[in-house]
Amino acid sequence: MTHWFEGPLAAFDTETTGVDVEEDRIVSAALVVQDAAGGRLRVTRWLVNPGIPVPPGATEIHGLTDDHLQRNGRWPAPVVEEIARSLAEQCATGRPLVVMNAPFDLTLLDRELRRHRASSLAGYLGKKPLCVLDPRVLDKHLDRYRKGRRTLTDLCELYGVTLDGAHDAAADAAASLELVRAVGRRFSARLERLSPAEVHSLQAVWHAAQARGLQAWFEKNGAPEAVDPAWPLRPELPAAA
């Protein structure tokens, strides 16, 4: 029997103008699809002119400049709709979607859809169930006492996954997909009897517990940061009065 972590997977990643999911914008995105472990990767890329300046700090990370995006990027409205429809197609086929730190990328996409299409990610998914596999949440739960950072680069090094061209959306998505397979193999005794849908549901619980622990650490150390326990998508903020 083929376990889910050896079977069909898709992976999604974005590069953005910053880290604020409510205000920042997508500048590039990629969807990577693989029918089985070791199979050919089918990659779809999007490049976006966000309509706002890209901060120098963001350009230092992903290398995308205002000039390049203005010359080569497309306007956000049609792009975010194409992305949402592509993700919905994956969900409709029952293919799990790998997203590293899912609340960031999926929430930011949702806000872009609200901004440019007067819709939401849920609106495009309809009745198609979202099944997300987040290597960051999986690793943090399955190897919770290991010290050290859990960025994509760190996890790829730990699990022996090749990451060529970090902070390129397609490279990051492909590495995230292979990372989920590697996590599945390492912890197969704990994961192989679960379906992807069951893993999705468990991750929501695991992430909430992880968020509570991080929030307690912040409060103990007098840090003002607030940690959102929602996964894989943060709820929309209430409209300002």
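I take contact to mean heavy atoms within 4.5 Å. I also count a residue as buried when its relative accessible area is under 20%. The model I am reading is predicted.

**Entry 1: the whole chain**

I began with the inventory. The chain holds 10 helices and five strands. I then looked up the radius of gyration, which is 18 Å. The globule rule gives 18 Å for 241 residues, so the chain is as compact as a globular protein of that length. Along the principal axes, the C-alpha atoms fill a box of roughly 50 × 50 × 35 Å. I found 48% of the 241 residues buried. I also checked contacts with a separation of 6 or more: residues 24 or more positions apart account for 67% of them.

**Entry 2: the annotated stretch**

I looked for a record. UniProt, in an unreviewed entry, places "domain: Exonuclease" at residues 8-189. Over that stretch I read 48% helix and 15% strand. Its end C-alpha atoms lie 20 Å apart.

**Entry 3: the sheet**

I traced the strand order next. The five strands form an open sheet, β3-β2-β1-β4-β5, with mixed pairing. At the edges stand β3 and β5 (132-133). Each has a single partner strand, so one side of each lacks a neighbour in the sheet. I followed β1 against β2: the two pair in the antiparallel sense over eight bridges. In that pairing, L9 stands opposite Q34 in β2. I then looked at α4, which packs on the sheet and touches β1, β2 and β5. The direction of α4 makes about 70° with that of β1.

**Entry 4: helix α3**

I checked the length of α3 (residues 76-92) first. At 1.5 Å a residue, its 17 residues should span 24 Å, and the end C-alpha atoms are 24 Å apart, which agrees. After the helix comes G94, with a positive phi near 80°.

How many residues of α3 are buried? I get 12 of the 17, so the helix is largely enclosed by the rest of the structure. Among them are P76, V79, I83, L87 and C91. E81, S86 and Q90 are buried too.

What do these buried residues pack against? I find strands β1 (9-16), β2 (26-34), β3 (42-47) and β4 (97-98). Helices α4 (102-117) and α5 (121-125) are also on the list. I then took the orientation of α3. The helix lies across β1, β2, β3 and β4, and runs at about 20° to β2.

How values were computed:
Residues are numbered from 1 along each chain as its sequence is written. This is a predicted model: local features need pLDDT of at least 70, side-chain atom pairs count only at pLDDT 80 or more; totals for chains, interfaces and linings use all residues. Side-chain values use heavy atoms; hydrogens and water are left out. Helices (H or I, at least four residues) and strands (E, at least two) are DSSP runs, numbered from the N terminus. The expected span of a helix is 1.5 Å times one less than its number of residues. Buried means under 20% relative accessible area, exposed over 50%, partly exposed in between (1.4 Å probe, protein chains only). Two strands pair if DSSP finds at least two bridges between them. Axes are lines fitted to C-alpha atoms, for helices over the stretch in contact, and angles run from 0 to 180 degrees between N-to-C directions. UniProt positions are given in the numbering used here, feature names are shortened, and annotations may be inferred rather than shown by experiment. The radius of gyration is taken over C-alpha atoms; the globule rule is 2.2 Å times the number of residues to the power 0.38.
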